[in-house]
Amino acid sequence: MLIKTSHDGFSHPTSSDITSPTVYAGRRDLIKLMASGVAGAALSTWAAREAHAQSLGATPRPGKGTALPGARSTLSGSVTMEKLTDYKDASSYNNFYEFGTDKADPAKNAHSLKTTPWTVEIEGLVKKPAKYTLEDLLKLSAQEERIYRLRCVEGWSMVIPWVGYSLSELIKRVEPLGSAKYVEFVTQADPKTMPFVGSRVLEWPYVEGLRLDEAMNPLTLLSFGMYGEVLPNQSGAPVRLVVPWKYGFKSGKSLVKIRFTDKQPATAWNKAAASEYGFFSNVNPNVDHPRWSQATERRIGEDGLFAKKRKTLMFNGYEAQVGQLYAGMDLKKFF
Amino acid sequence: MSTLVMPRPIGVQMNSLLLHRFAKPLVFGLSLLPFCWLLYAAITQQLGANPAEALIRATGDWTLRFLCLVLAVTPLRVISGTPALARFRRMVGLFVYFYVCIHLLSYSGFDMGFEVADIAKDIAKRPFILVGFTAFMLLTPLALTSFNRAIKALGGKRWQGLHKLVYAVAGLAVLHFFWMRAGKNNFAEVAVYAAILGSLLGWRFIRFIRKNRL
């Protein structure tokens, strides 16, 4: 390729990526210091943590949007060490039917989405129903970076660094009533800014839902950004859900309403084809889609043309974190 | 000596163009262009985030397009009075088979990793794969009997009868495409191909009825 990127090796995006000579020259002093006595013992844990952080590598910013930094999450299972999907692929290959059904459509058409001003209404069975502005939501809890696997029901997957915080932080603020059993997520449906709203593929607005305990699981992320920047429009700006152990369509984009209910919400794909898309839609290699196998997946950008597809993991590899939510349930019946 | 030059009818003009000795190589080259482009795009990584999917879909699209072209030859020949069009029918038909082979190879290789057991399971699992595979199986004897000696060996009538299988292939191809798109309820493109193939087959049907009544 004629255009050099940071992946080509010797070109560096910024001078700050290069270790300064003074730090480099001082490395042996640091080791000596750590080797010496009590001070060394204290420092070595710090050094080990630094080394760990370095092995993860700071998420490179694509430079496409406003920065939205988040501290690496310390939540168990929330930071996979797998190779990140290229930002270019993650932002140009996805489903967002409000902008067209082809996976290249959202990136082409979503520029028309208006994300300011933006409010998210919390209603239903809660003590404190409220209308949050985006600014309020951004400040509601500390922003974290989480690196999740994303498995699409169509059989492809990515690894994406999201920025946001656990949805449970918001849920705790609004204090659900004892009668609240489910959470319904209503997404934006504005035919003026979303050209395919009104097409007969799905019912609009696109509605998704979770059981309250699923929504309260700390892995369930209310996300405002990815790759260290605010979400691009095509990825569900300005605020979306990310539920990493479920097929991607469960994670509603461009949320405008969160409603607490006592009845299982009627969700968009379930209404369109109940036999194909269940309410739970947990990633499960043992339960096939009626029209295709879910046992394997293609990792976008990583598995080359001739590479074999990789095995799909139970709950997308988050079984340790979420398996207990479904204890005793027949997952073939509640797919 | 002066001659009065009469404007020749379009069909006759077309006919002499099509009889030009470069006409066949030109059509051959044009028909290979999509393949060359896909090969180039695959090598230079211009097929997007999911090149396997892009290749499988593009080769499927081109199979359908060549199927439309080959079925358009006879109606065009009769309607426009251009007998020379018939010279291209076999080549275009073989390009249908060429693209469907690459389509099937892409699917078997990129999607299934050439695992015969997985492919067999997939054919049983997914009706649209079964339909596509059936269409491929029906096309195979047509490609195998496309040379002159095969026509002689079979006899013209029987050969023609066998090659009427392409009508079934057209129906199966549209069904295959329809089913593939059913997941997204996105039938706009399917409708275009169905309309084109439907009218090409409809024209033959009407001609058949008229012939048999007369």
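Author: Helix 3 and helix 9, both of chain B, run roughly antiparallel to each other. The model is predicted: local features require pLDDT of at least 70 and side-chain atom pairs pLDDT 80 or more, while totals for chains, interfaces and linings take in all residues. Residues are numbered from 1 along each chain as its sequence is written, and chains are lettered from A and ligands numbered from 1 in written order.

Reader: Why are helix 3 of chain B and helix 9 of chain B called roughly antiparallel?

Author: Their axes cross at roughly 150 degrees and come within 11 Å. Axes are lines fitted to C-alpha atoms, for helices over the stretch in contact, with angles from 0 to 180 degrees between N-to-C directions. Over 145 degrees counts as roughly antiparallel (under 35 roughly parallel, 65 to 115 roughly perpendicular, the rest oblique). The pair is therefore roughly antiparallel. Helix 9 covers residues 165-182 of chain B; helices here are DSSP runs (H or I, at least four residues; strands are E, at least two), numbered from the N terminus.

Reader: Which residues of helix 3 and helix 9 of chain B meet?

Author: Leu64(B), Leu67(B) and Leu71(B) of helix 3 meet Val166(B), Ala170(B), Ala173(B) and Phe177(B) of helix 9. Contact requires C-beta atoms, placed from the backbone, within 7 Å. By class this contact has seven nonpolar, no polar and no charged residues. Nonpolar means Ala, Val, Leu, Ile, Met, Phe, Trp, Tyr, Cys or Pro, charged means Asp, Glu, Lys or Arg, and the others, Gly among them, are polar.

Reader: What makes helix 3 of chain B roughly antiparallel to helix 4 of chain B?

Author: Helix 3 (residues 51-80) and helix 4 (residues 89-111) of chain B pack at about 160 degrees, with axes 8 Å apart. That angle makes helix 3 of chain B roughly antiparallel to helix 4 of chain B. The contact between helix 3 and helix 4 of chain B has 17 nonpolar, six polar and two charged residues.

Reader: Why is Glu175(A) called exposed?

Author: Glu175(A) has 12 other C-beta atoms within 10 Å and is therefore exposed. The cut-offs are 20 or more for buried and 12 or fewer for exposed, with partly exposed in between, counting C-beta atoms placed from the backbone within 10 Å. Glu175(A) is not a glycine, yet its phi is positive, about 50 degrees. Its place is the loop between helix 7 (167-174) and strand 6 (182-187) of chain A.

Reader: How do you know whether Asn316(A) is buried or exposed?

Author: Asn316(A) has 24 C-beta neighbours inside 10 Å and therefore counts as buried. Its phi is near 55 degrees, positive in a residue other than glycine. Asn316(A) lies in the loop between strand 13 (310-311) and helix 10 (319-322) of chain A. In chain A, buried residues make up 38% of the 335 residues.

Reader: Where is the cis peptide bond to Pro117(A), and what is its omega?

Author: The bond runs from Thr116(A) to Pro117(A), with omega near -10 degrees. Pro117(A) is in the loop between helix 5 (105-109) and strand 2 (119-124) of chain A. Another cis bond joins Ala237(A) and Pro238(A), with omega about -5 degrees.

Reader: How many residues of chain B are in contact with chain A?

Author: 14 residues of chain B touch 17 residues of chain A. The chain B side has five nonpolar, six polar and three charged residues. The model scores ipTM 0.76 and pTM 0.80.

How values were computed
Contact = placed C-beta atoms within 7 Å.
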